[in-house]
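Open the model in your viewer and keep the selection panel at hand.

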Amino acid sequence: MQRLIIAFLLSFVFITVAVAQDTNLFEKKLFISSKGDSLPYRILYPENYDPAKKYPLVLFLHGAGERGNDNEKQLVHGSKLFLADSNRSRYPAIVVFPQCPENSFWAAVKVNREKQPFEINFNYGAEMTAPLRSVTELTKQLIKEAGVQKKKVYITGLSMGGMGTFEMVYRQPKLFAAAAPICGGGDTASYNKKTAKVPFWVFHGADDSVVDAKLSRQMVDRLKALNADVKYSEYPGVNHNSWDNAFAEPEFLAWMFSQRK
């Protein structure tokens, strides 16, 4: 029995170290915006990256639990999808995971956490948050300097990042070739025909006790009313962690990388 326990512990240590080594492929960077705001981010370059070539760019916005300035936590969800050898070889791309500061937010929202699910009110008429403004500047800088295919820039994110994804597309509809918000929501009243030109694949858990699935449903209905190209996947019995289901979709990356402006 003791040998089995030791073997289990050694295997756990090996797996932990392997995961850490994999995430180290995401290089640590720090972006300073034109307003002087600091934005830590991690960036994964394609295997055998050639600066003379052009690659798709994927922007990933994390959830509220991964906020901070350690430039580590934002890789907790989603990074393994892009680190998988099969995906790196099939879809060579530049992948960026910025980190939102503690007590800040990607999207312009007010959240009442005393209710379950949270009571969430969006207001795109408000000024863009500093983190989202910094992400916008960083994305545009990378497009200019890092060998990015301008017609193949994608955005995805979960929970708070799903909300940021909806707002980012609203703010910069000409920037993205596709968007995949997960368990998020947005300002339906502000979405317009310019925004609807971007293809969407929206995901949510039907039993989400944190961010009500109706927020995604409402955005999907609004996009359909605008004749947008939109897909919606809602998972019965799934709570807030619908990103696990989204990332397990066989066509998630295939759909994303097939889109172009």
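Select C100 and show its side chain. The closest cysteine sulfur to that of C100 is in C183, 15 Å away, which is too far for a bond. A disulfide is a covalent bond between the sulfur atoms of two cysteines; here it is counted when two cysteine sulfur atoms lie within 2.5 Å. C100 is also buried, at 0% relative accessibility (buried means under 20% relative accessible area, with a 1.4 Å probe and protein chains only).

Now select C183. Its closest cysteine sulfur is the one in C100, 15 Å away and too far for a bond. C183 is buried as well, with a relative accessible area of 0%. The structure holds 0 disulfides.

This is a predicted model, in which local features need pLDDT of at least 70 and side-chain atom pairs count only at pLDDT 80 or more, while totals for chains, interfaces and linings use all residues. Residues are numbered from 1 along each chain as its sequence is written, and side-chain values use heavy atoms, without hydrogens and water.

Next, select F82, N87, R88, Y91 and A93. These lie nearest the centre of the largest cavity, which is lined by 13 residues. The elements giving two or more residues to this lining are α3 (85-90) and α8 (252-258) (helices are DSSP runs of H or I, at least four residues, numbered from the N terminus). A cavity is a set of points on a 1 Å grid over the protein atoms alone where a 1.4 Å probe fits but cannot get out; lining residues have an atom within 4 Å of a point.

The volume of the largest cavity is about 80 Å³, counted as the space filled by probe spheres set on the points.

Conventions
On a 1 Å grid over the protein atoms alone, a cavity is a set of points where a 1.4 Å probe fits but cannot get out, and a pocket is an open set with protein on both sides within 12 Å along at least five of seven lines; lining residues have an atom within 4 Å of a point. Buried means under 20% relative accessible area, exposed over 50%, partly exposed in between (1.4 Å probe, protein chains only).
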